[in-house]
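Please read them with the sequence and the coordinates open beside you.

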Amino acid sequence: MEWIDGVERRKFAREQSRLRKEYLAAGMTEEQIAELRAFDEDWYNSRRREAVHTQALDIYTSEDEERKDNPLIEKFPDRLTITDKHWQGRYAWIEQIADESLYRAVDALSKEDKELLTLLYKFGYSQTKIAAMYGVVKVVICKKIKRIKKFLKNF
């Protein structure tokens, strides 16, 4: 925030002058008006403190945008950044396997085999659709699935 104290102080004084006239017309006493002014003065000072002591973070969310290093982010990274704990990646389903031996077996598979299982069981693609995605015939996918099943049984 930017705060130009002279400008803001003049605005505040004009507003207080206008309010004083309204308060007098409404029948308020000078003591009551002074109490309201003191309250408004505290509010004005809190706005000024916030404006003077607040620094913009200028955080960019896209990697395409030019990143300006901000000293606050460098000084307090643990307080100003978060890690999304809900997004766990494409193979997060493996972490949810309850059977320990099956989990270890699936985790030991190659990335290609994990991807095949992910497409087949997590996303529900048919073997025909997966074969088309890989540019192979369905028989190739069937053989890979049989090989994975055999591996999992013997692990």
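1. Lys144 lies over the face of Tyr134, at 5.9 Å from the ring centre; a charge is taken to sit over a ring if NZ of Lys or CZ of Arg is within 6 Å of the ring centre and within 35 degrees of the ring normal. This is a predicted model, in which local features need pLDDT of at least 70 and side-chain atom pairs count only at pLDDT 80 or more, while totals for chains, interfaces and linings use all residues. Residues are numbered from 1 along each chain as its sequence is written, and side-chain values use heavy atoms, with hydrogens and water left out.

2. Leu116 touches both Tyr134 and Lys144, and its contacts (heavy atoms within 4.5 Å) also include Ile130, Ile141, Ile145 and Ile148, leaving aside residues up to four places away in sequence.

3. Three aromatic pairs are present, a pair being rings of Phe, Tyr or Trp (its six-membered ring) with centres within 6.5 Å. The rings of Phe12 and Tyr44 have centres 4.9 Å apart and planes at 35°, so this pair is tilted, since planes under 30 degrees apart count as stacked and over 60 as edge-to-face. Phe12 in helix H1 (residues 5-25) and Tyr44 in helix H2 (residues 30-53) are 32 residues apart, so the pair links distant parts of the chain.

Methods. Helices (H or I, at least four residues) and strands (E, at least two) are DSSP runs, numbered from the N terminus.
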